[in-house]
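Try each task yourself before you look at the worked solution.

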Amino acid sequence: MNDSRSNRTGSLSEYSGGFTLVELLVVIAIIGVLISLLLPAVQAAREAARRLQCQNNLHSLAIGVANYENQKGALPQSNDLKVFQNKVAILRAGSLSWIVRVLPYIEQQQLFDQFDLDEPSVRQDRNLEPQSKQFSLLMCPSDQAQGRIYQSPFSSFNRAFGKGNYVAYASPEHAQCMPVAKGAMIHFPQPLSHVTDGTSNTIMLAEVRTRDHVRDQRGAWVMARVGASIIAADMHATRFQTRICNQSNPPDYVPNPIWSRFALPPNSGVGLNIPRDDLVECPDSAQADLEGMPCWVEDDTSAAPRSLHVGGVNTTRIDGSVQWVTNEIEPVILGSMVCVNDGVVVEQ
């Protein structure tokens, strides 16, 4: 009897050890499959949170602009440039941006006090270097712009400019044409009475991406430059592909569909005959293409809103409402949504 018990106990102990190698491999494989299935969902949830933060930043900026307008009686100007023959000379301009002007209205009074509004962006106090600063409200976490700077290659001052992720539309056509084809933020403080298409129908702010390259101006928020603090849609309005402001007697702006293929919708891509951001310099253009930020050198005329969100960019209307604009938006519609007074109301 005792021998029988002992045999049964010994037989049981032979099978009471851990997993076999094959069983461990099976468990590890199952865990790997589960992780591979969960990872996209986790990444999607993180991007959704980042996108929400970007939307909140845009909304806060729009509220700051609204508070500025409430006190000053007009939207902040995007630059201090003079008009000559219906154009402003954006090229290599050093004037301060609209963001600098609204700093007191977005809880950045201390930073605002460091700027000398009578001096251009490249001549700010060297001891304070306010143009190099970055703060969280200007950072879309999807882009990781923190720590990225721009240094102007065309300035003997060689100042470093901090980068951010939000810009204002200056024109539905070319930035130089803002006196004729008006966006929300132009060369003078624009009263809301000029926005005849309605503040809820007109795009004011949008997202922009930055590159980790010191010679790429995009995102340099202190500068009143294309891609830096303003953009333009490059949606032409005339019969010929010439800037509306090049005409001696320019007509009212109405986007012309025959030039749609040359316009810059959100995240304008890379390819033959696809328009690019027109900048004063396009460093390492091949790498810019790989990063999905195509550019070429053409006198600071226009640039697309850009983001790392899938399918489009966040924008705000003048009334502060946040709106998603897809990459596939019709350029003519985009032109009308950017222009403050073309007489076409686009509801989305």
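A residue is called buried when its relative accessible area is under 20%, exposed when that area is over 50%, and partly exposed in between. Keep in mind that this is a predicted model.

**Exercise 1.** Decide whether Arg-306 is buried or exposed, and find its salt-bridge partner.

*Solution.* 
- Step 1: The relative accessible area of Arg-306 is 0%, so Arg-306 is buried.
- Step 2: The partner is Asp-277, and the closest N and O atoms of this salt bridge lie 3.1 Å apart.
- Step 3: Now place both residues along the chain. Arg-306 sits in the loop between β9 (295-297) and β10 (312-317), while Asp-277 belongs to strand β8 (residues 277-279). The two are 29 residues apart, and their pairing links distant parts of the chain.
- Step 4: Look for shared partners. Salt bridges join Arg-306 and Asp-277 with Arg-211, Asp-216, Arg-218 and Glu-291 into one network.

**Exercise 2.** Examine the salt bridge between Arg-218 and Asp-216.

*Solution.* 
- Step 1: The closest N and O atoms of the two residues are 2.8 Å apart.
- Step 2: Arg-218 has a relative accessible area of 1%, which means that it is buried.
- Step 3: Asp-216, with a value of 0%, is buried as well.
- Step 4: Another example joins the side chains of Glu-129 and Arg-126, with an N to O distance of 4.0 Å.

**Exercise 3.** Work out why helix α6 (residues 331-338) is described as largely enclosed.

*Solution.* 
- Step 1: Name the buried residues of α6: they are Pro-331, Leu-334, Gly-335, Ser-336, Met-337 and Val-338.
- Step 2: Because six of the eight residues are buried, the rest of the structure largely encloses α6.
- Step 3: Find the neighbours. The buried residues of α6 pack against β5 (166-171), β6 (203-207) and β10.

**Exercise 4.** Locate Leu-34 and say which surface patch includes it.

*Solution.* 
- Step 1: Leu-34 lies in helix α2 (residues 21-72).
- Step 2: Its relative accessibility is 47%, so Leu-34 is partly exposed.
- Step 3: Together with Val-22, Val-26, Ile-30, Val-33 and Leu-37, Leu-34 makes a nonpolar surface patch of about 560 Å².

Terms used
Residues are numbered from 1 along each chain as its sequence is written. This is a predicted model: local features need pLDDT of at least 70, side-chain atom pairs count only at pLDDT 80 or more; totals for chains, interfaces and linings use all residues. Side-chain values use heavy atoms; hydrogens and water are left out. Patches are made of residues with over 30% relative accessible area and no salt bridge: like charges are joined within 9 Å, nonpolar side chains (Val, Leu, Ile, Met, Phe, Trp, Tyr) within 5 Å. Accessible areas come from the Shrake-Rupley method with a 1.4 Å probe; for residues, only the protein chains shown count as cover. Helices (H or I, at least four residues) and strands (E, at least two) are DSSP runs, numbered from the N terminus. Buried means under 20% relative accessible area, exposed over 50%, partly exposed in between (1.4 Å probe, protein chains only). Contact means heavy atoms within 4.5 Å.
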